[in-house]
Amino acid sequence: MKHLLSPLDLSVAELDDLLNLAQRIAADPKKFSHCCDGKKLATLFYEPSTRTRLSFEAAMLNLGGSVLGFSSADSSSAAKGESVSDTIRVISCYAEICAMRHPKEGAPTVAASKSGIPVINAGDGGHQHPTQTLTDLMTIRELRGSLDNFTIGLCGDLKFGRTVHSLIHSLIRYKNVKFILISPKELCVPDYIREDVLKANNIDFEEVERLEDVMPQLDILYMTRVQKERFFNEDDYLRMKNFYILDKPKMELAKKDMYVLHPLPRVNEISVEIDDDPRAAYFKQAQYGVYVRMALILTLLGLDKTV
Amino acid sequence: MLNIGGLNEGIVLDHIEAGKSMMIYNNLGLDKLDCCVAIIKNARSNKMGKKDIIKIEGGLDLVDLDVLGFIDHNITVNIIKDGKIVEKKSLSLPKKITNVIKCKNPRCITSIEQELDNIFILTDEDKQVYRCMYCEEKYNR
């Protein structure tokens with residue numbers, strides 16, 4: 001049984017196959033519109049996430065399948081105290097594949113160990129969010145043509161931002177990718193990313209506090225939101241949330257072929273005046289997110305070779 | 001110098017860091033054994049200055065060497081038969097330990113689902129790093 005719990009569950013070769021399939025889907029989505037006829041995706045969302053859940057649902061519907069599930073723990077049997085293990089055993093009788101989001105880290109790992117169907121981690125606390133990483137990788141590859149030889153600036157909340165951690169983990173496997181980590185000291189990357197991932201693999205990286213200083217070097221700028229729910233203290237959140245806002249003057253410092261990515265939703269870290277800039281790729285990224293999830297569902301169901 | 005009677009058949013855990021013997025006694029579940037167990041604290045040691053020793057009357061199956069290796073892989077395990085050391089076992093860091101330590105990450109799934117085994121995986125042998133199998137939080141000794 002194949003699952004996707006962490007972006008590193010896929011080898012570079014498997015990732016290439018998946019991204020190639022996603023690219024084929026993007027080129028002709030209709031060709032894939034009956035691949036999952038009669039199949040069901042269960043979306044087990046123990047915490048609210050409109051975007052990720054709808055992206056999964058759209059992906060399955062685009063493939064001709066159907067979806068069932070719940071969108072908060074209150075409306076599930078978890079409210080009655082059912083364990084993740086029991087829930088997944090039951091859901092395995094109802095659907096062919098499931099996507100799980102859970103506020104507790106490692107919940108999808110528990111589910112995968114008891115599941116009779118493939119489990120996709122759709123985000124577990126501050127831990128992993130592999131399908132966002134797949135989306136990010138597809139976006140970079142589509143925009144640049146390759147995942148090698150570029151400089152990426154990761155900006156904002158690098159401490160709690162799981163999308164950033166997963167993206168770093170994945171990108172270090174490609175050639176000549178330089179990382180510029182842009183954040184206030186309070187929100188810099190955790191030690192284990194700096195020591196065990198970047199330094200341990202001799203990856204070229206630098207840490208800076210001012211976005212303006214590094215804009216001209218960047219090929220990709222990955223913006224992140226300072227998430228309120230990751231803070232225990234409202235004052236800290238309010239003090240830091242406006243530190244790094246991307247606006248027109250900052251964009252003028254950037255290369256003409258630099259692209260701006262963002263996992264969305266944004267609050268105010270990207271000014272709306274940027275949205276019409278051809279370098280703003282975050283809405284395109286959301287579209288790629290659907291294609292890559294379609295590719296993932298097909299792959300985990302073993303249907304990737306049938307089309 | 002205090003004298004403790006020699007073992008005819010059993011196990012001697014030697015070179016335990018002074019003061020750690022009670023922790024090992026508890027973690028190995030030696031309190032549940034019916035056989036004779038002797039704990040010697042602060043014994044003189046040429047190598048360590050002071051050390052603790054645990055003597056257990058009985059077979060090697062009474063001791064979980066993985067747990068012992070996790071606690072301190074420098075401990076020497078002597079197997080005694082007919083009053084003589086017949087084997088010295090060296091310990092290594094176990095690849096995986098189950099229900100010896102608990103994950104301290106308040107966001108880990110094990111914090112709300114008590115029936116789950118607490119499993120830690122050795123992720124970096126050189127630095128002796130263990131991480132929770134579920135949330136990957138590093139265990140700080």
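Trainee: Where does Pro265(A) lie?
Mentor: Pro265(A) sits in the loop between β9 (259–261) and α11 of chain A. Helices (H or I, at least four residues) and strands (E, at least two) are DSSP runs, numbered from the N terminus. This is a predicted model: local features need pLDDT of at least 70, side-chain atom pairs count only at pLDDT 80 or more, and totals for chains, interfaces and linings use all residues. Residues are numbered from 1 along each chain as its sequence is written, with chains lettered from A and ligands numbered from 1 in the order in which they are written.

Trainee: What kind of peptide bond joins Leu264(A) and Pro265(A)?
Mentor: A cis one, with omega about 5°.

Trainee: Zooming out, how many helices and strands does chain A have?
Mentor: Chain A has 11 helices and 9 strands. The C-alpha atoms fill a box of roughly 55 × 45 × 40 Å along the principal axes.

Trainee: What is the radius of gyration of chain A?
Mentor: It is 19 Å, which agrees with the value near 19 Å for a compact globule of 307 residues. The radius is taken over C-alpha atoms, and the globule rule is 2.2 Å times the number of residues to the power 0.38.

Trainee: And what share of chain A counts as buried?
Mentor: 47% of the 307 residues. Buried means 20 or more other C-beta atoms within 10 Å of the residue's own; exposed means 12 or fewer; partly exposed is in between, with C-beta atoms placed from the backbone.

Trainee: Which residues have the most contacts inside the largest nonpolar core?
Mentor: Cys98(A), Met294(A), Ala295(A) and Ile297(A), in a core of 110 residues. Helix α11 (residues 282–300) of chain A gives the most to this core, with 10 residues. Such a core is a set of buried Ala, Val, Leu, Ile, Met, Phe, Trp, Tyr and Cys residues joined through C-beta atoms within 7 Å.

Trainee: What does Ile297(A) touch?
Mentor: Leaving out residues up to four places away in sequence, Ile297(A) touches Cys36(A), Leu41(A), Ala59(A), Met60(A), Leu63(A) and Ile97(A). Contact means C-beta atoms, placed from the backbone, within 7 Å.

Trainee: New topic. How many residues does each chain bring to the contact between A and B?
Mentor: Chain A brings 12 residues and chain B brings 15. Helix α4 (residues 107–114) gives the most on the chain A side, with 3 residues.

Trainee: Is α4(A) mostly covered or uncovered?
Mentor: Mostly covered, as 6 of its 8 residues are buried. Among them are Ala107(A), Pro108(A) and Val110(A). The buried residues of α4(A) pack against α3 (84–91), β3 (97–102) and β4 (119–124) of chain A.

Trainee: Which residues have positive phi without being glycine?
Mentor: One of them is Asn149(A), with phi near 55°. Asn149(A) is in the loop between α5 (130–144) and β5 (150–155) of chain A. Asn149(A) is exposed, because 12 other C-beta atoms lie within 10 Å. In chain B, His15(B) has phi near 60°.

Trainee: Where does His15(B) lie?
Mentor: In strand β1 (residues 10–17) of chain B. With 17 C-beta neighbours inside 10 Å, His15(B) counts as partly exposed.

Trainee: Last one. How is chain B divided?
Mentor: Into domain 1 (10–90) and domain 2 (96–139). Their C-alpha centres lie 25 Å apart. The bounds come from an automatic or database domain assignment.

Methods
Contact = placed C-beta atoms within 7 Å.
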